[in-house]
Number of protein chains: 2
Amino acid sequence: MISREFKPLDYLKEEELEQIHLGALAALEGDGVEFFSREARDILKKAGAKVEGENVYLPRELVMEQVAQAPSEFTLHARNPENNVVVGGYNTVHAPGYGSPYVMDYVQNKRRSADYKDYVAFTKLTGNSGNLDVAGGVVVEPNDIPDYIRHAKMFQAAVKHTDKCLMGSSMGAKKAQESLEMAGIIFGGVDKVRKNPALISLINTNSPLQFDPRMLESMMVYAHNNQPVLFSALTMTGTTSPVTLAGALVQQTAEILSGVTLAQLINPGTPVVFGSASSVVDLRTGDLAIGSPESTKMFSVIAQLARFYGLPSRGGGSLTDSIIPDVQSGYESMMVLMNCVVCGINFMLHSAGLLENYMTMSYEKFIIDDEILGMARDFASPMSVNEDTLAVDTIIKHGSGGNYIADEHTFKHMKEMRIPIISSRERYAAGGDLVDAAQRAHEYCKAVLQDYRNPSLDENIEDELNKYIENIPTE
Amino acid sequence: MISREFKPLDYLKEEELEQIHLGALAALEGDGVEFFSREARDILKKAGAKVEGENVYLPRELVMEQVAQAPSEFTLHARNPENNVVVGGYNTVHAPGYGSPYVMDYVQNKRRSADYKDYVAFTKLTGNSGNLDVAGGVVVEPNDIPDYIRHAKMFQAAVKHTDKCLMGSSMGAKKAQESLEMAGIIFGGVDKVRKNPALISLINTNSPLQFDPRMLESMMVYAHNNQPVLFSALTMTGTTSPVTLAGALVQQTAEILSGVTLAQLINPGTPVVFGSASSVVDLRTGDLAIGSPESTKMFSVIAQLARFYGLPSRGGGSLTDSIIPDVQSGYESMMVLMNCVVCGINFMLHSAGLLENYMTMSYEKFIIDDEILGMARDFASPMSVNEDTLAVDTIIKHGSGGNYIADEHTFKHMKEMRIPIISSRERYAAGGDLVDAAQRAHEYCKAVLQDYRNPSLDENIEDELNKYIENIPTE
């Protein structure tokens, strides 16, 4: 978790922000949102929304009333309480990549299908990272595990190999319920989980202005049980949203607010996050451009809109459109991630490992991103300003032309400097090796996986979880 | 030039900033600064400073009085008035790398000594860039040109191959005077240059708390002639300044303010910049760590301190400690450059080309940095928010599940998206080439240099400049 002290950058002027807000309310009233779930529509109708077929028109008073019920921050609980995080305020909580079907093989220089071995390895890297807070999402898609049990096997790996915060499945009501019951095993009962939210889940919109039944149904399970929901608008400019950034933000805001409204109607006070995984499309080719400044601008405004609504925000990641861990992957990932921290994004999925927009996970990029995260964390961590660090007496003592190298003050503070993981500061040497940082990441990653030790876990819990998973029905 | 609309990020709290300010004033009174120039000391003594040997103790009233005379922004004039820039306000002006003695050969993968051919080539790349505003600095050290004429040959190349803003030599009074006279040839007389400042020069401190005679003497020539001066504190933590960032900032502030005081006493209203090229040292090895978050934090506070004093700021660059254009060079350069833009740095030397801290220039990195600059410029450029871009009617028209691809609104706005220079958004293809962005930069650079055309230049001016340079005495 990154904690800042400086005020986040407000990207837009207040009056511009308000125009986006008013545009979203107008869209919710004028067009509405399609909810592909009768239960959802019934709840909204009962609250005063007009329903026509699947479409729900949401009056602005209803929306604003419900949004006001959501907490501005909440604690997400981990099985090791030291790893609890606060989502909201001046914090940014980090989770690794989510949902990639592929893995890039650095040695073979080829992309291949991801499997459960990859899932376990990336989960260990997540456990090892000092910068990642959340495990148990779809860190990479374990394509070799049958669908009916995939969410459970991912959950099991996350619990076994880390003691960090966890994510729940958003693949329908059944899997959400199972996620919740497995969390109950870990935390001493589902009641405890309800009291101390421990499963955060990703609920994407189906842009423009729809929610699909699977996501909706799992969301309703989580809302009923007071588990945090990451509502994420997933628009693509010029195809599933207007091509203009302001227009895309109007639509995203409408989509997110409609989800938040439903969650609050189900259970007032449900922890929700105002989120975006939207991106800009390069309309020359139709390819995503998630490592672009335009995408970054959208995330900056998402953070600002969330503050306007008094909600935590989600956006960004260590995002790149490059397919290899080259210089492009470095400058793009740093741009998106650092600006999202500076602009006050509170929850950042996709913080480590991604290449080729959201398609591919890379072991080397995971380590590189851990370095980027560490740098962002250091930038955000407060500079110590007090009589000792100001060192006025030391400056006067040494005077003009002095040298501080052997000073007591230097010895006292020199260890405060951050030590990089893979970044090199070695100077050029004739005949020396010019090693690429990606190669150092490759070697570092191998060593981490070789030496990794699981955190301790109660054997009874492990057994109970095993038994639970064995009994999951195949249909 | 990058122009923002958002307020810069204030990194420190006001009371913390004030402590640094007060610490600097205490250091100036308690220790003073060594000025290795009798003329400089006499000017300061006459104004009320206490002088002991080379050391000058500066009373805080004198410092603050003089600092208040400096303009908060000023225009730097180019021979093509369309390329004039405003240093200060919400702008960031960019100049390429400065002072590297080496060039990295990408094909041979070897570092070599830089020469005049390199100088000319990097100057052409500067001319080609849509993001760089200033030419004529020591873009790379032309080691094959004799010292007595090196500044003049660099000036000549900058004038011939670009029509952008220019830098003056800071290598002593004689060369500064010659820079001024050459500028006079370009701009129709030295008097015109005095009225419309056209030569910005880099005056580094000799930390801790000294000014060397060569820099001082050239600075005095420029101040007498109303040319802008980039005062830059060049401290290294734990060796030539305290190891703590706050302490290093106290010392830097003292150094810069002492220079500003002298410049204002010479000519009230001399345009000056509150600058830093200071860096953090990795004390495990003694190597610089200019691509570190710690260095970035210092630049952020430098920008904030400059705003406090009502002065334009200098800091940052596309800085990296990597010796090759790898992923590390990408994430480090983006971090420093983007945060300096976000935090409001007004003048950024070293914006393109550097590798291996300040030691080496790279053609490929120059192109990569031009891409990074373009991304930072796009991020900083205002998002258009109005009825048309908000597109509420378009959203309502398409409704849930619609597609915007063929919409008039999409056609109208789709060309507003930035087209990258070398960044790729192509997806992975089995059997396809996995080309590194550095390789694309290499090819792009070759094409630019092949096709480059000089801007037009009056033949008489060219002749006069040639004659002036031929007549420069060798001593």
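Biologist: Which residue of chain A meets the side chain of Asp282(B) in a salt bridge?
Modeller: This is a predicted model, so the contact is a computed one, and a salt bridge here needs a Lys or Arg nitrogen within 4 Å of an Asp or Glu carboxyl oxygen. Side chains of opposite charge can pair when their charged atoms come close. The N to O distance from Asp282(B) is 2.8 Å, and the partner is Arg425(A).

Biologist: Which residue of chain A pairs with Arg425(B), and why does that pair join two chains?
Modeller: The side chain of Arg425(B) meets that of Asp282(A) in a salt bridge, with 2.8 Å from N to O. Arg425(B) sits in the loop between α15 (408–413) and α16 (437–451) of chain B, while its partner belongs to strand β16 (residues 280–282) of chain A, so the pair joins two chains. The residue asked for is Asp282(A).

Biologist: How many salt bridges are there between chain B and chain A?
Modeller: Over all chains, the count comes to 38 salt bridges. Between chain B and chain A, the count is 8.

Biologist: Which helix gives the largest share of the side of chain B that touches chain A?
Modeller: In total, 126 residues of chain B are in contact with 126 residues of chain A. By class, the chain B side has 62 nonpolar, 38 polar and 26 charged residues. The largest share, 11 residues, comes from residues 327–342 of chain B, which form helix α11.

Biologist: What area is buried between chain B and chain A?
Modeller: Carbon and sulfur atoms give 66% of the area buried between the two chains. There are also 46 residue pairs in polar contact between chain B and chain A, counting pairs with both residues at pLDDT 80 or more. The buried area is about 9,900 Å².

Biologist: How much space lies in the largest pocket?
Modeller: Rolling a probe the size of a water molecule over the atoms shows where empty space is left. The lining of the largest pocket divides into 18 nonpolar, 8 polar and 14 charged residues. The space in this pocket is about 980 Å³.

Biologist: Which residues lining the largest pocket are the closest to its centre?
Modeller: The pocket is lined by 40 residues. The elements giving two or more residues to that lining are α1 (14–30) and α10 (293–309) of chain A, together with α10 (293–309) of chain B. The closest to the centre are Pro8(A), Asp10(A), Lys7(B), Pro8(B) and Asp10(B).

Biologist: What is the volume of the largest cavity?
Modeller: A search of the whole structure finds 2 cavities of 30 Å³ or more. Residues lining the largest cavity include Glu5(A), Phe6(A), Tyr11(B) and Leu12(B). By class, that lining has 6 nonpolar, 1 polar and 3 charged residues. The volume is about 60 Å³.

Biologist: How many charged residues are in the lining of the second largest cavity?
Modeller: The second largest cavity has a volume of about 30 Å³. Among its lining residues are Glu332(A), Glu371(B), Arg418(B) and Arg425(B). Its lining also has 3 nonpolar and 3 polar residues, and the charged ones number 4.

Biologist: Is the peptide bond from Ser207(B) to Pro208(B) cis or trans?
Modeller: Most peptide bonds are trans. Pro208(B) lies in the loop between β12 (199–204) and β13 (210–211) of chain B. In chain A, a cis peptide bond with omega of about -5° joins Ser207(A) and Pro208(A). For the bond from Ser207(B) to Pro208(B), omega is near -5°, and the bond is cis.

Biologist: What is the phi of Ala391(A)?
Modeller: Most residues other than glycine have a negative phi. Ala391(A) is in the loop between α13 (387–390) and α14 (392–398) of chain A. Its phi is positive, near 60°.

Conventions. Residues are numbered from 1 along each chain as its sequence is written. Chains are lettered from A and ligands numbered from 1 in the order in which they are written. This is a predicted model: local features need pLDDT of at least 70, side-chain atom pairs count only at pLDDT 80 or more; totals for chains, interfaces and linings use all residues. Side-chain values use heavy atoms; hydrogens and water are left out. Contact means heavy atoms within 4.5 Å. Buried area is the accessible area (1.4 Å probe) that two parts lose on being put together, summed over both. A polar contact is a pair of N or O atoms within 3.5 Å; within protein, one must be able to donate a hydrogen and the other to accept it, and residues adjacent in sequence count only if both atoms are side-chain atoms. Helices (H or I, at least four residues) and strands (E, at least two) are DSSP runs, numbered from the N terminus. Ala, Val, Leu, Ile, Met, Phe, Trp, Tyr, Cys and Pro count as nonpolar, Asp, Glu, Lys and Arg as charged, and the others, Gly among them, as polar. On a 1 Å grid over the protein atoms alone, a cavity is a set of points where a 1.4 Å probe fits but cannot get out, and a pocket is an open set with protein on both sides within 12 Å along at least five of seven lines; lining residues have an atom within 4 Å of a point. Grid points are joined across faces, edges and corners, and a volume is the space filled by probe spheres set on the points.
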